[in-house]
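Welcome! Please take a moment to look over the sequence and the 3D view, and then read the short tour that follows.

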Amino acid sequence: MKNELDRFYRIANKWIEAEEHTPISPPVKAENAVEELGLALNDSPISDEEFEQILTGLVLASPKTTSKKFFNLLFGGRTEKSAVADMLVSLMNNTMHTYKASGPMVSVEHEIIRSLRPIIGYDTDAWGTMAEGGSMAIFMAMLMARDHHDQEIKREGVNKKYTLYTSEESHYSIPKNAAFMGVGREQVRFIPTLAGKMRVDVLEEKIKEDLEAGHSPFLVVGTAGTTVLGAFDPFEEIAGVAKKYGIWFHIDGAYCGTVMFSSKYRHLINGVEESDSFNFNGHKMLSTPTTCSVILTKHKKQLYQTFDNAASYLYQTDMEDLNLGKISLQCGRRNNALKLWALWKSVGTEGLGKIVEHHYESAAAARNYIHSNSDYKLFSYEPSVNVCFTYKDIPADELCNRLYAAGHSLVSFGIIKGQTFVRFVTVNGSASEEDVLQFFKGLEEFVEKEYALSPSA
Ligand SMILES: *Cc1c(COP(=O)(O)O)cnc(C)c1O
């Protein structure tokens, strides 16, 4: 293993250097990748030298989400201590489904869950676990909501129309999960938004309509940080409606739920303590490696009722809480707790809050810049870490593609109500406020130079 660790060091160092000198890897066409990079699998072994050369080439040709020019997705940059912790996880390869196989790593996850409870405002009946991504965390919440509505569904299957409610700007995994769980995509009611926020008056109307039609409303999902606008639904009002009709209330905080760590931005999720379940991702705003997703619920009992399959052959030791497989969708389970713990332990809860605040301050600086220059039009609202804009009315999709092809920056576009705009995301943990402002300067220079030569199509 020592030799391989030396090899790892060599490749990793090249990557770290490349983040500086080539922050945007030149795009590789998918149809050429196997040939160009020597990826074809072979019958015979190859030498270690050749292996290292090919692996290095492959690594360096891959997109650098960890560089400070990556503003494309809802994550970017790197939390160094989390990255190292996650490398150790690969080295140790514990599996989290039993205490026997992962020992004190279970305590690491438990410590995270216990520490989150008072931050969210849940009491000691609340519990939670880590899931393989935000979409899966939401799926787990949806399953708990379904079973909570009718504990027989688990045995009998779905035999009525179970309806659920979420805003038209919520995450696409919600209708997908509705299909997985036998409820069906058609039973998802997409509630219209105003300035990115769910319209609670329409929510209540739709619930009433469904009740009158004899359906069974069982779940409403609010969003803390929508994917395009970074908006927050009005959770206190939604909680009121959910309570009135006896419906499970889940908050999808995959993107911006981490505002809970900041005393300055915690107010954006006021009402979260009224929810039945809540999920967030460490791999978005906190820049831990993917995946790092937590699902919490106020109803520990429901967590066990939905996910425990009483697999007695597996769980032969320790108290039931220590065997995390009892509350997992899968059997073998990667240790996703250590990377979050490593960050939290090193910077403290205050440090987590500061990371969040830095992103919001960068976004505010970007918005100020946009307001000061009439060539820009702003489409997102305050406060949000997504700065959505157009520049000189250039079609945003085309602009993004040209910026990428030229190795300028990686940024994507969004569409809301027919309007296309650049969605510039300020959650890159490696980018300073200056890097963020530099993006705009660079964009203007790029347009001036490139669009003079070849104007918009
Ligand atoms: C990213 C995101 C998800 C999905 O999380 P994954 O970890 O990518 O599965 C869900 N909801 C929102 C609002 C998100 O931004």
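**Around the ligand**

In this predicted model, an N or O atom in the side chain of Ser-135 sits 2.8 Å from an oxygen atom of the ligand.

*More on the ligand site*

- Gly-134 uses its backbone instead: one of its backbone N or O atoms is 2.7 Å from an oxygen atom of the ligand.
- For Asn-281, look at the side chain, where an N or O atom is 3.1 Å from an oxygen atom of the ligand.
- On its own, the ligand would expose 380 Å², and the protein buries 86% of that area.
- How many residues surround the ligand? There are 14, and the closest are Gly-134, Ser-135, Asp-252, His-283 and Lys-284.
- Sorted by class, this shell holds eight polar, four nonpolar and two charged residues.
- Helix α7, which spans residues 134–149, supplies the largest share of the shell, with three residues.

- Helix α4 (residues 80–92) packs against helix α13 (residues 337–371) at an angle of about 145°, and their axes are 8 Å apart.
- If you look at the handedness of this crossing of α4 and α13, you will find that it is right-handed.
- Which residues meet here? From α4 come Lys-81, Ser-82, Ala-85, Asp-86 and Val-89, and from α13 come Leu-338, Lys-339, Ala-342, Leu-343 and Ser-346.
- The residues of this contact divide into five nonpolar, three charged and two polar.

- Thr-290 and Thr-291 are joined by a cis peptide bond, with omega at about -15°. To find Thr-291, go to the loop between β9 (277–281) and β10 (293–297).
- Another cis peptide bond runs from Glu-382 to Pro-383, where omega is near -20°. Pro-383 belongs to the loop between β11 (376–378) and β12 (386–391).
- Is the phi of Ala-195 positive or negative? Ala-195 has a positive phi of about 50°, although it is not a glycine.

How values were computed: Residues numbered from 1 in each chain as written. Predicted model: local features only at pLDDT ≥ 70, side-chain atom pairs only at ≥ 80, totals over all residues. Heavy atoms only, no water. Axes fitted to C-alpha atoms, helices over the stretch in contact; angles between N-to-C directions. Helix = DSSP H or I, 4+ residues; strand = E, 2+ residues; numbered from the N terminus. Left-handed = near helix turned anticlockwise from the far one by under 90°. Contact = heavy atoms within 4.5 Å. Nonpolar A, V, L, I, M, F, W, Y, C, P; charged D, E, K, R; others polar. Near = heavy atom within 4 Å. Polar contact = N/O pair within 3.5 Å; in protein donor to acceptor, adjacent residues only side chain to side chain. Areas by Shrake-Rupley, 256 points an atom, 1.4 Å probe, with all protein chains shown as cover.
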